Amino acid sequence: MYFIGIDLGTSACKLLLMDERGEIARVVSKAYGVEYPRPGWSQQDPADWWRAVREGVPELLTGLDASQVAGIGCGGQMHGLVALDEKDEVIRPAILWNDGRTVEQVRYLNETVGTDRLLELTGNIAYAGFTAPKVLWMREEEPELFARIAHVMLPKDYLNHLLTGAYATDVSDASGTLLFDVARRAWSEDMLALCDLTAAQMPQVHESYEAIGTLLPEVAAELGLPAGVVVAAGAGDNAAAAVGTGAVGAGTMNISLGTSGTVFIPTTDFAAGVGDRIHSFCHADGAWHLMGCILSAASCNAWWVNDVLGADDMAAEQAEIDVDSAERSLPYFLPYLMGERTPLNDVSARGAFVGMSMSTTRSDLTRAVLEGVAFAVRDSVEIARSLGVSLASSTVCGGGARSAVWLQMLADVLGIELVLPATEQGPGFGGAMLAAVAAGAFDSVAACAGSIVSERKRVTPNPDLASAYDRRYRVWHGLYPALRESFAEVAGGE
């Protein structure tokens, strides 16, 4: 029996084929572009996502017995606004998770509606990346298009709609819309009314591991799959990655070093009153989680190595870094290339190197980029610790997790052991696992994770570096407040 996992990312759609033992038979990736029509704006054509699936699935099945495929599950980029009209046609390009056009709408929500009211209704405050501010922006800036909206969907839910015909979402992805009452696991009628939306325009909410339907006959025929293939509700990419790395249930944790960076901490109960510091969302396992999100993680390293240095060998650039030293004077890097979410909630934040001198080397700056991202991850970890959460270890996934230098630095900065899962395909693997549960191969997400997730390697922090990194973190942590007003002026002139 096979299960297809779809990782609907920002730069590519990755598909994998997994059997009931968790063995991956094949992985296929289809890249696509992102539009940046203005500074801070980020959008995408949903047709590119569907094209990737239509091309990728037949390639995934080449030479294999497609009749053995029993389920499909998707882990998708969160928060994106996909607006459909009454004919199911996409009204405008999807506004993505890292888009910053909604400054005024976020200010209105947090200051006029008020953070206390938002926390009461949704469990979270407004961030530029969330869906509700995008809806308000569209209502105010594109009223004719807004008036045509018949269905509001999230990116992976649009794929699921094309696969099954269902208008459905899951609790983890819905949690990031600011239209969802996370504690009740249901749409907030008050937030919908505030955004001039109705319940009829919203997808039906499911648990991530529930089936939303089976493949439409014509879609099954095109993809070369049986018509009875079950499609799971799926999850937001971070929740799917947590499932795929075994971060299921209290006492676990996952860090993702992808385009963005996340700290994902499962909880047994809903954490009320903390959503102004760290996200409090539903988890794909039927419970809840805390999540910190930085908008630029591995993308900072790609920007530095590929775009600035004009190089293509990241390992070579990191080869000169001495991970056993944090004592000497080194420059600092603020990784806010796309603004920042938690804990700053500032779309005007910008990247910066601070503390360079005539002795600063190329490898010093490369090190500063990696360390700056690690410090930004630590910001969210420190918030969780302040809430009484005990963090002894964490799994790690994402492209950045392939760097041994970066992993050791992250372990040293956080002071915790890092665990590399046997598979690197976090969101796609998690999506396939959710499909396996939806198809009845496992009784629960926890049972599935316990059966097929295993570890490959552990990275232990160097206790001799703890005090040095603590000092550097304190200095780094003070840089953003010192530069905040300057960042606002810079962003205002863009």
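These legends walk through several close-up views of a predicted model.

**View 1. Helix H9, a mostly covered helix.** Let us start with helix H9, which spans residues 237–244. How many of its residues are buried? The count is eight of eight, and the helix is mostly covered. The buried residues of H9 are Asp 237, Asn 238, Ala 239, Ala 240, Ala 241, Ala 242, Val 243 and Gly 244. After H9 comes Gly 246, with a positive phi near 85 degrees.

**View 2. Helix H9 packed with helix H14.** Two packed helices are described by the angle between their axes and the distance between the axes. For H9 and helix H14 (residues 426–438), the angle is about 75 degrees and the axes are 6 Å apart. Angles of 65 to 115 degrees count as roughly perpendicular, and H9 is therefore roughly perpendicular to H14. On the H9 side, look for Asp 237, Ala 240, Ala 241, Val 243 and Gly 244. They meet Gly 426, Pro 427, Phe 429, Gly 430, Gly 431 and Met 433 in H14. Sorted by class, this contact of H9 with H14 has six nonpolar, four polar and one charged residues.

**View 3. Helices H16 and H17.** Here helix H16 (residues 466–477) packs with helix H17 (residues 479–492) at an angle of about 20 degrees, and their axes are 5 Å apart. Angles under 35 degrees count as roughly parallel, so H16 and H17 are roughly parallel to each other. Which residues make the contact? H16 brings Val 475, Trp 476 and His 477, while H17 brings Leu 479, Tyr 480 and Pro 481. Five residues in this contact of H16 with H17 are nonpolar, one is polar and none is charged.

**View 4. A cavity inside the model.** The structure holds one cavity of 30 Å³ or more. The largest cavity has a volume of about 40 Å³. To find its lining, look for Thr 131, Val 152, Met 153, Leu 154, Asp 157, Thr 169, Thr 177, Trp 187, Met 202 and Pro 203. By class, six residues of this cavity lining are nonpolar, three are polar and one is charged.

**View 5. The second largest pocket.** This pocket has a volume of about 250 Å³. Its lining is made up of Val 103, Val 106, Arg 107, Asn 110, Glu 111, Ala 128, Asn 345, Asp 346, Val 347 and Ser 348. Four of the lining residues are nonpolar, three are polar and three are charged.

View 6. Most residues other than glycine have a negative phi, and most peptide bonds are trans. His 79, in the loop between strand S5 (69–76) and strand S6 (82–84), has a positive phi near 75 degrees. Is His 79 buried or exposed? Its relative accessible area is 3%, so His 79 is buried. Arg 185 sits in the loop between strand S10 (180–181) and strand S11 (186–187), and its phi is positive, near 55 degrees. Arg 185 is buried, with a relative accessible area of 16%. What kind of peptide bond joins Thr 342 and Pro 343? The bond is cis, with omega about 0 degrees. You will find Pro 343 in the loop between strand S20 (332–334) and strand S21 (352–354).

Conventions:
Residues are numbered from 1 along each chain as its sequence is written. This is a predicted model: local features need pLDDT of at least 70, side-chain atom pairs count only at pLDDT 80 or more; totals for chains, interfaces and linings use all residues. Side-chain values use heavy atoms; hydrogens and water are left out. Axes are lines fitted to C-alpha atoms, for helices over the stretch in contact, and angles run from 0 to 180 degrees between N-to-C directions. Helices (H or I, at least four residues) and strands (E, at least two) are DSSP runs, numbered from the N terminus. Angles under 35 degrees count as roughly parallel, over 145 as roughly antiparallel, 65 to 115 as roughly perpendicular and the rest as oblique. Contact means heavy atoms within 4.5 Å. Ala, Val, Leu, Ile, Met, Phe, Trp, Tyr, Cys and Pro count as nonpolar, Asp, Glu, Lys and Arg as charged, and the others, Gly among them, as polar. On a 1 Å grid over the protein atoms alone, a cavity is a set of points where a 1.4 Å probe fits but cannot get out, and a pocket is an open set with protein on both sides within 12 Å along at least five of seven lines; lining residues have an atom within 4 Å of a point. Grid points are joined across faces, edges and corners, and a volume is the space filled by probe spheres set on the points. Buried means under 20% relative accessible area, exposed over 50%, partly exposed in between (1.4 Å probe, protein chains only).
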